[in-house]
Amino acid sequence: MTQPLLKLSGLGKSFSENRVFSGIDLQVEAGDRIAIIGASGSGKSTLLRCINALEKPDQGLIEFGNISLATGQANGQAYKEKDLCALRQRVGMVFQQFNLFPHMTVVGNVSEGLVTVRGMSKPEAKALAIGELRRVGLEDKADAYPSHLSGGQKQRVAIARALAMSPEILLFDEPTSALDPNLVGEVLGVIEQLANEGRTMLLVTHEIGFAYHVANRIVFLADGGIYETGTPDEVLKNPKGHLTQQFLADHQ
Ligand code: ADP
Ligand code: MG
């Protein structure tokens, strides 16, 4: 059996008295495209943020190849800096609100991490960044500032920025939720293209039709954990649990 790329075991996270989830077990294999769906507040963002170590879970274990992040009260201290750096270099995240640096040009946004984290020379980083911008169809916007871009273009820049770091897993947190409906398609098109290239991704989305089309596995979060999981046909076409059925009825 091949080693999973990412393994979550018994993962749990609370914010003071509010237990968001517990007992999350999830194995991500190379090439998996996992869509995470669930009602607002079910913990989708928190789960992605735990995987990217933007939040520290209080229960369970995150294993990413040779990186192992033990959580829980017995390990109440912060993660080791070296593990955090290693993890963040291997995981790329795309946020709902793009999170571009407004004072930097498009190519500056995409090359920044290559210079500061990877230690690349500026010309080398710029050349690589232009290549990633070409991939998302925005090479001609390299010298523009984010404020001059549409929401869909901003999100494509954010995707190029994540890709520039050559992550092993891409995390998308509702990448089209902040967009005008007419701009959703261009961003979903880029994500679909990445899926077709065999990239490993976890995608939080309310676009159920897109999830059905692009994912090989669905994770439905409800009731403080993974309530139902399986293939798109199993979960989206023949849901077993009543909360899954209810959620899908509300998201037709
Ligand atoms: P989703 O992304 O599914 O809408 P979230 O992961 O954002 O859900 O939130 C899950 C729960 O955790 C919600 O009850 C939310 O209020 C709470 N929560 C999320 N982030 C924080 C935080 N930084 N501090 C306190 N509570 C939080
Ligand atoms: Mg969220």
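Author: The axes of helix H3 (residues 106-116) and helix H4 (residues 122-135) come within 8 Å and cross at roughly 125°, where axes are lines fitted to C-alpha atoms, for helices over the stretch in contact, and angles run from 0 to 180 degrees between N-to-C directions. This is a predicted model, in which local features need pLDDT of at least 70 and side-chain atom pairs count only at pLDDT 80 or more, while totals for chains, interfaces and linings use all residues. Residues are numbered from 1 along each chain as its sequence is written, and chains are lettered from A and ligands numbered from 1 in the order in which they are written.

Reader: Why are H3 and H4 called oblique to each other?
Author: Angles under 35 degrees count as roughly parallel, over 145 as roughly antiparallel, 65 to 115 as roughly perpendicular and the rest as oblique; the crossing is at roughly 125°, and H3 and H4 are therefore oblique.

Reader: Which residues of H3 and H4 meet?
Author: Taking contact as C-beta atoms, placed from the backbone, within 7 Å, the residues that meet include Val 110 and Leu 114 in H3 and Ala 125 and Leu 128 in H4. By class, this contact has 10 nonpolar, one polar and three charged residues.

Reader: What makes E6 and E10 edge strands of the sheet?
Author: Two strands pair if DSSP finds at least two bridges between them, and the open sheet of six strands has the order E6-E7-E8-E3-E9-E10, with mixed pairing. Strand E6 (91-94) and strand E10 (225-230) each have a single partner strand, so one side of each is left without a neighbour in the sheet.

Reader: How do you know that E7 pairs with E8, and E9 with E10?
Author: Five bridges join E7 (residues 169-173) to E8 (residues 200-204), running parallel, with Asp 173 opposite Val 204.

Reader: What makes up the shell around ligand 1, by class?
Author: The shell has two nonpolar, eight polar and one charged residues, and among the residues around ligand 1 are Phe 15, Val 20, Gly 41 and Lys 44, a residue being near if its C-beta atom, placed from the backbone, lies within 6 Å. Ala, Val, Leu, Ile, Met, Phe, Trp, Tyr, Cys and Pro count as nonpolar, Asp, Glu, Lys and Arg as charged, and the others, Gly among them, as polar.

Notes. Helix = DSSP H or I, 4+ residues; strand = E, 2+ residues; numbered from the N terminus. Contact = placed C-beta atoms within 7 Å.
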